[in-house]
Amino acid sequence: MGKRPPHGQEAGGTARKRQKVVHEAPTHEEIHTSRQLMQLLSFDLHQDVVRARHGLQSLKVFLDALLGPDCDQADRLAILKEYLQFAGPEGQFQTEGDESQVYLSDIMQTWSHASTNGIETVMSAVPVVLALLLRLLSQSLDLVPFGLGICRTLLQKRQLELISRNLSAEKSKTFVISPTLRMLTEAISFDGGAIAKPLFRARASTFKLLSRNMLIVHIGEEAEDEKRPSARTTAVLFFLSALKFLHPVAKKELLSQRDVVAALTREIKNDPAHLTLSMLNGLRDNIMLDDKVPREAKANMFNTSTLVRISSLYQARQSASDDSMAASIPDVAHAFLTTACTNPSCGVLRQDSGLYPRDVDPNAAIPDAELDELGLEAIVWMNKFKAEVPVRNFTLLNLLQNLRPWASIKQNELAISIFRVAPELVANYFINTKSFTFEPKLSATWMGYAAFLFNTVSLPIPDHFCRGASFPQLPPPTSLVLDNILPLPMNQKVMVRSLTNKSNLLSFFATRLLVVAIEKLDTAVRMHQDPSHANIALWGEAARRLVDEFCQRSPGIKDVINSYRSIPEQDILHREAASRLLRLCYEVIPQVALMAKFDVSPLLEIALGRLAKQELEDPRDFALSLKELENLLAIAGYSPGMRWFSALEGLTLSPFTLLLKVCVDAPRGVSLDEMRQVLNSVAVEQQLVPASTGHPRLLPLLETLQGLNQKKAGSVAHIWSFLDNCLTRCATTPIKYLESMQDLIKEATEGSNKDAVGSVISPLVVTILEQMPFVVSATDPEVLGVLGRFLPKFFGLLVTAGESKPLLDVIYSKISQLYKDAPAKLSQKRISDKLVFQHNSWPPAGSIAARPSNGQATGGEGKTLETDINGEGLRRILEVADGLAADNSALVKWANKTVDELIDEGYAISLVTLLASEHASIRKEALVNILKMAAKIRQSEYEEKEQVWLLLSEVAETARDHIEADPLPSPAVAFACHALGVVRDPLSSLYPKVNQFLARGPVWSLDRLPIVDEVLLEEPEVGDSFYTQLNWLLQYLVDGLRTPRDLELFHKRRARGPVLERLLSLASNPYMRLPLHTQVLRILYRATGIEGGSTTLTTRFGVVNWLEAQEKLCAGSAKGGDDERLGRIYRALRTRVWRTCDRERVGVWSKGGIADLRGEAESKLDGEDVVMG
Amino acid sequence: MSGTESTSKSNQEVASEFASYYLQRITKEFAEDLDKMRSADDFRNEAMQVLVGALQQGISMFSPEDQRRVVESAATGKTQ
């Protein structure tokens, strides 16, 4: 078999190929008269194609010229008008008003003839000239009637068939399809859409195969020429014109054609820029923002695929950046999508219920008994949405899943604006975006993820969680709230790795993310604690659960601390963020923060040291470093064991003096208020300065030092060591100096015969006096010189601050004498003979001493109260949820848990609390289970198993003989619950005390409150942990006071006085911090809620008078300060005691005294209750 | 309220000066890591814009008061 010859050699080889149809260009002639035009276009059944094309082409050239830029068109226009009159119905002797009046009948006949005979060139040429003609006629008012006539002619049956045939030409015949679409575009928009309605009515012909025609795209490597548009471009423009001129009902009908809607955007990515822009603008103006278009129609148009395709424009034409129109497409698409997705009237966004998933009723009625018994477990859907969250906004969800928010700022913005308007999507999005891993890596993608997550976490929580006007009955699912605070990709493992990553940038970003997350958690918890909730206990439980789950998902406090410690010293931005994170941990999740046994002193001293060294050249860096310092100071405020007056290794000054030094040396203009507040509060606490109202605390000292520095820079440096010595001595042995002061007062009284009793001066001055001889004997002329300038000014300022002048005179003369007696070589160093008085208008002491109310206290205490506190406000501040509330499900829940879970996750505690249940059967069952649990723990590998076993066994033994008849007293149960936290942690400062207590015997005395004496009377044993231990004790006592029987234990006579009496004397300590004060007041508040509690408090402990006395101590303090705030709490509590006591009995007991006392205040508060209520 | 003193800056001025300080500070602190990131495989197209946007996010964590404090410390510090 031979080879097949090549095509060229084969005779007639070309016959095998499809013959290329070549349309020869038609000829034309110039038009001079209308008659000529008539002749050229006249129809003759036997005319040949060439003649027909010649005529049409001549008309086309004539119209092109008319539409061209040539100004002198009047003659031509006159010719055209004459022709139209001839070719109109009148010229053809048709009857006026006849619906079948045909304009341009010759042309129409030519078209019809061509169509019948398949002469495509003519089928194309007719719509070409008609489109041009309509465009021309629309420009001149007196020609419009002709245009309308032609349009109506097109709508006649015969012409509609021609249009239909043209539109359904083969796909390759774009030269037929495109002009027809162009002609229709002109027709539908002619005279403001005058015939749009009938044209759409005839859609079977006029819109025939529109979707197919929309997909006939330009083929070729070069870009589509705007002057020779593809069939798709023409079809889309026709569609857009239709949208512009159609009635809303017709638009709805048009948009219900799914194939058209789908075809419209299918090729959008490859469309020429002008078409894309026209399309986006057209869709925006004529559908999206058209209020008359029904929502359903909009939803048909803006379905998932439309939106996803439009979102593909974000990547459009990055290469064609030289084309300004193309370059603007991503911006226009972004604006379009943002409006479409966030404006509810655009038909895409559906109203959701915030953090409540679809199909969930947040106000479902659940019987109170069920809620009381099962808590959150009574809500069937509470735990249902961890793996799947049903949503209403499917379209938006699908769009979100097609976005790449990590790779583009605009897509990030779009996703975030969708989350903002549809918060229901956040949880669902991250659950379903499994590929979204956040493993730390120095890459653009990780950075983009981090930015996206930051924006997500920064979004506000919807009002009332549901965007309603008030909170629903039931709290939202915890998992959903958490997913909005810490989205799933920010899991513990990933965040720990990021936080402790060796790349500082990754660690910095992780820190920032956690900062915003904890701030959001704080807001969410406060919302859970809002007093307007119908079921406060239930919401309280949800808040606790939220915090627990947050802690499980976020990195541990140790990781936060380690990350902070590893930050290079010069990275002040990073250090500021890390210190803020740590501070937030203390403020928002103190239960976790305090577990870490973190000693802030070293970090604080490093920060102080760095600032004191003045190494930062840029004052802005200094101000930023102060922010870090403020955060550390706040943390120090939460750590009762902060060692203010002991210098760490390597540092010569104590932290307190360093802080003072930072304030003195700070560049002018840097705000130091927060640091001054800390200095003042520590100074008062440590009795360096008088605590009396109106005293400006440390301000005289600060001003004197700053004054010296200004006069001669660096002069203060000589006396820091001396001052540090004095401050430290005064702080560590205040009593000594207070006693010395008494001696001086005596001396002053004797010397001048003036009564100096009750005189007040700063104990620090006494210390200075005591230490001066050593300075003189050390014979350092510089120090003596600076002190010679410092002391007169300082003492002078103290006098103007209200301190006793006679007393200061005595001290000053003693110091002057020391100078006079100084060795000869120091004789040139003098001290002024007089005190230098200065008059300053210091703000009242309270405003300086007052700590900011930035969440220093726990719970709702951070809020500044403007007016007196009413009953509700007091409840918010002092009420603590019942820590021993019975959860009967604990009986079964523990069985399948590991020992770690039993102890760490509270299952053991839940079981122990059941010993206080009012049902004997529950108590007995709990007892059996506790013993089983104790045995299980003892057999385990748990490190502290012996101690935990001992505790559980002892509480069981103690309960065994009593629970048949009564619940175990709450203090014993509360002690057991709180002690569990101690025995599992050998580093706890209470560990020795609790173990000694447990070692005393297997059964506890139910007549006593365990380890009260040990904490209140004995040495703290571990460092300076008295206040830490006291805090623990007060917490357990609050939980342990629930019933009248418990109250008896609190007021029972004992060797060292009733416990309540001792608590009251404890709270009289003016140096105790506000949180501890509040704990004592919480115990009192609890007592007032117990039957007979207020009466007992009043008649046995004189609590009304005690509260009144405390209130007076706080009187006069600065508005907004801790003291002033505390004063108002005392007043409100006094009112509550009066309201809840047996007034008759109390009235008899006090002989009417208390009733008189209450009169004024109560009437005021009653009024407020009404207003607030 | 700004503008109470003739010398104090408007809120907008403060915000813009703080933003520029913040960016300057952050690029200084993390210069090494930022260089590494710029040479990462996926650092293309919009990555630079995304990176700058991400760096700027931290500005919102400073309250207007804190921003003013930092910015104005520079002004007064220089006049000393």
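Which residues in helix 24 of chain A meet which residues in helix 27 of chain A?

A: This is a predicted model: local features need pLDDT of at least 70, side-chain atom pairs need pLDDT 80 or more, and totals for chains, interfaces and linings use all residues. Residues are numbered from 1 along each chain as its sequence is written, chains are lettered from A and ligands numbered from 1 in the order written, and side-chain values use heavy atoms, without hydrogens or water.

Start with the pair. Helix 24 of chain A spans residues 444–458, and helix 27 of chain A spans residues 504–528. Helices here are DSSP runs (H or I, at least four residues), numbered from the N terminus. From helix 24 of chain A come A:Trp446, A:Met447, A:Ala450, A:Leu453, A:Phe454, A:Thr456, A:Val457 and A:Ser458. They meet A:Leu505, A:Leu506, A:Phe509, A:Arg512, A:Leu513, A:Val516, A:Ala517 and A:Lys520 in helix 27 of chain A. Contact means heavy atoms within 4.5 Å. By class, this contact has 12 nonpolar, two polar and two charged residues. Nonpolar covers Ala, Val, Leu, Ile, Met, Phe, Trp, Tyr, Cys and Pro; charged covers Asp, Glu, Lys and Arg; the others, Gly among them, are polar.

Now the geometry. The two axes come within 9 Å and cross at roughly 15°. Axes are lines fitted to C-alpha atoms over the stretch in contact, with angles from 0 to 180 degrees between N-to-C directions. Helix 24 of chain A and helix 27 of chain A are therefore roughly parallel. That label applies to angles under 35 degrees; over 145 is roughly antiparallel, 65 to 115 roughly perpendicular, and the rest oblique. Helix 24 of chain A passes helix 27 of chain A in a left-handed crossing: the near helix is turned anticlockwise from the far one by less than a right angle, and right-handed means clockwise.

The axes of helix 1 (residues 34–41) and helix 3 (residues 74–87) of chain A come within 8 Å and cross at roughly 50°. Helix 1 of chain A and helix 3 of chain A are therefore oblique to each other. Their crossing is right-handed.

Last, salt bridges. Over all chains, a search finds 40. Each is a side-chain nitrogen of Lys or Arg within 4 Å of a carboxyl oxygen of Asp or Glu. One joins A:Glu770 and A:Lys736 (2.8 Å, N to O). A:Glu770 lies in helix 39 and A:Lys736 in helix 38 of chain A, 34 residues apart. Between chain A and chain B the count is three.

Note on methods: Helix = DSSP H or I, 4+ residues; strand = E, 2+ residues; numbered from the N terminus.
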